[in-house]
Protein chains: 2
Amino acid sequence: MENLTVTIVGVGLISGSFALALRDKGFAKHIIGVSRTEASGKKAVELGIVDEVLPLVDAIQKADFIYVAIPVDATIPIMETILDTITEKQFVADAGSTKHALCEALANHPMRHRFVATHPMWGTEYSGPEAAVRDAFKGRACVICEKEKSDVVIVDVIEDIYKTLGMNMIYMDAAAHDMHAAYISHISHITSFALANTVLEKEKEEHTIFDLAGGGFESTVRLAKSSPAMWAPIFMQNRENVLDVLNEHITQLRKFKACLEKENMEYLQELMVNANKINRILK
Amino acid sequence: MENLTVTIVGVGLISGSFALALRDKGFAKHIIGVSRTEASGKKAVELGIVDEVLPLVDAIQKADFIYVAIPVDATIPIMETILDTITEKQFVADAGSTKHALCEALANHPMRHRFVATHPMWGTEYSGPEAAVRDAFKGRACVICEKEKSDVVIVDVIEDIYKTLGMNMIYMDAAAHDMHAAYISHISHITSFALANTVLEKEKEEHTIFDLAGGGFESTVRLAKSSPAMWAPIFMQNRENVLDVLNEHITQLRKFKACLEKENMEYLQELMVNANKINRILK
């Protein structure tokens, strides 16, 4: 499908990068932005991410395709408004990092079939329209949940878009998605936030951190720059899975602690040899 | 100083990258390797990292400059042997990630003044001679400890080498180094090893990890590929500092846990806003 009029709700990292890609790949002829703040909307126009900024109701009405990428707690009521408003000719997708609460909230909506629940698993630690980049998404996984609840024809369009962006499609139910996302993404963000707080708490001579910080530190802590407004609702919506993984992670850290306390070199090495197995999962 | 005969003890990531740089920058005319295993020694010759491999005693005798980059527990006895053997015309440095135990062990050695305690803060998660790369070290910090205990003329040579490699020199006493290294490097490795074990433990469908794993996961977990033989002795030698930071880190993770358990959104956001401050420390 080409030459769509597309509305992006939210003009940040994900929606902005998505809009740039839609235009580059010829899917969109006109892109409308909906922004919570005037400043971000203005910036998105300036950066050529959207052609115009409109209030939500007008932006919905004008669009063939509406793409929602805002904090996951705000997504639910906005998505209900959108589905209340659209016609059978329009369709909608979201990009949220949690899927279960949203899918459940929309399950019985008469327009559920015009909605596709998606999670393109790409991102950086930056946020806002300035964070939007060209050639995002490439080579990453994109999850579609409850595919069977969406009209085949709009799933085809959405898949076509994501595949053209270079993504690999994966299908899951919403509960499975949220569990896997906790392991693969949410816990990484929590450890990174907590590690930043650890170092900020313990290290008073910040100048020295700056001087010494090498690639390893930067790599484990960079996610701590991520947006609290975006991530706090994700952790909270997925709290049971996140708590489950977080408890396991604390247990694993306690094993390292016990090795050091008891000077148990053998067990320490064993823990690390086991961790090396991650090698065959990453490349 | 140019055209040195250099012996590297250990033919791995750090020593190998250092040897390649010494040759590229014209410091070394002949490089001898000392290797624990025949296979690594052979590989180092094949890769052009060293010109020949010799037993330790011969390799010490032939060298102007001896550079030791092996696990930190093995470093202490080997360094004692080296200082027992060298003449006043030779000099030695190490590249270990801990400095206090080594400096203490060598404190009263009559040849202490021919030794420079250094820690070039660069590395990757890979190990062995195949992991050695050209243009390593650039832009990173290099710590020299107890500079005043080493002859000025050999400190000058070592500094000249590291600076030519693009490193920024920092001076500290050994205890301060180990404390800072725990914050800036060692804890990152522990969290990464523990995160790998967490995911390996909890996630049975490994195929799905592989499919979904995005950049964030990879970045927080990549250090878990690091060598246990290299890192276990570092954690153990620096156990008091590492335990101190690890306890703080577990405390910080528990704060996230409490927020989720009590659904305290406000405090959760507060923790994350605080973590964002890491932004001004990194760039």
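## A bridge to start from

In strand E4 of chain A, A:Phe65 is the bridge partner of A:Val6. The two strands involved, E1 (residues 4–9) and E4 (residues 65–68) of chain A, run parallel and are joined by four bridges. Strands (E, at least two residues) and helices (H or I, at least four) are DSSP runs, numbered from the N terminus, and two strands pair if DSSP finds at least two bridges between them.

A word on ground rules before going further. This is a predicted model, in which local features need pLDDT of at least 70, side-chain atom pairs count only at pLDDT 80 or more, and totals for chains, interfaces and linings use all residues. Residues are numbered from 1 along each chain as its sequence is written, while chains are lettered from A and ligands numbered from 1 in the order in which they are written.

## The sheet of chain A

Chain A has an open sheet of eight strands with mixed pairing, in the order E3-E2-E1-E4-E5-E6-E7-E8. Its edge strands, each pairing on one side only, are E3 (52–53) and E8 (168–172) of chain A.

Beyond its neighbours within four places in sequence, A:Thr118 is in contact with A:Ala93, A:Asp94, A:Ala95, A:Cys142, A:Val143, A:Ile144 and A:Ile158. Contact here means that the C-beta atoms of two residues, placed from the backbone, lie within 7 Å. From A:Thr118 to A:Ile144 the C-alpha atoms are 4.5 Å apart, although 26 residues separate the two in sequence.

## The sheet of chain B

In chain B, eight strands form an open, mixed sheet in the order E3-E2-E1-E4-E5-E6-E7-E8. The edges, pairing on one side only, are strand E3 (52–53) and strand E8 (168–172) of chain B. Five bridges link E8(B) with strand E7 (residues 141–145) of chain B in the parallel sense, and B:Cys142 stands opposite B:Met169 in E8(B). Helix H1 (residues 13–24) of chain B packs on this sheet, touching strands E1 (4–9), E2 (28–34) and E4 (65–68) of chain B, and its direction makes about 165 degrees with that of E2(B). Such angles run from 0 to 180 degrees between N-to-C directions, with axes as lines fitted to C-alpha atoms, for helices over the stretch in contact.

E4(B) and E5(B) also pair in the parallel sense, over four bridges, with B:Ala93 as the bridge partner of B:Tyr67. On strand E5 (residues 91–94) of chain B, B:Phe91 and B:Ala93 point one way, B:Val92 and B:Asp94 point the other way, and all are buried.

## A positive phi in each chain

A:Phe137 has a phi near 75 degrees, a positive value in a residue other than glycine. A:Phe137 lies in the loop between strand E6 (115–120) and E7 of chain A, and is buried, with 22 other C-beta atoms within 10 Å.

Over in chain B, B:Phe137 has a positive phi of about 75 degrees, again without being a glycine. The loop between strand E6 (115–120) and E7 of chain B holds B:Phe137, which counts as buried with 22 C-beta neighbours inside 10 Å.

## Where the chains meet

Between the chains, 79 residues of chain B are in contact with 79 residues of chain A. Helices H7 (174–202), H8 (206–212), H9 (215–221), H10 (228–237), H11 (239–261) and H12 of chain B each supply at least two residues of the side that touches chain A. H7(B) gives the largest share of that side, 20 residues. By class, the chain B side has 44 nonpolar, 20 polar and 15 charged residues; Ala, Val, Leu, Ile, Met, Phe, Trp, Tyr, Cys and Pro count as nonpolar, Asp, Glu, Lys and Arg as charged, and the others, Gly among them, as polar.

For one helix pair, look at H7 (residues 174–202) of chain A and H12 (residues 265–275) of chain B, whose axes come within 8 Å and cross at roughly 65 degrees. The contact is made by A:Phe193, A:Ala196, A:Asn197 and A:Leu200 from H7(A), and by B:Leu271, B:Met272, B:Asn274 and B:Ala275 from H12(B). Six of these contact residues are nonpolar, two are polar and none is charged.

Conventions: Buried ≥ 20, exposed ≤ 12 C-beta atoms within 10 Å, placed from the backbone.
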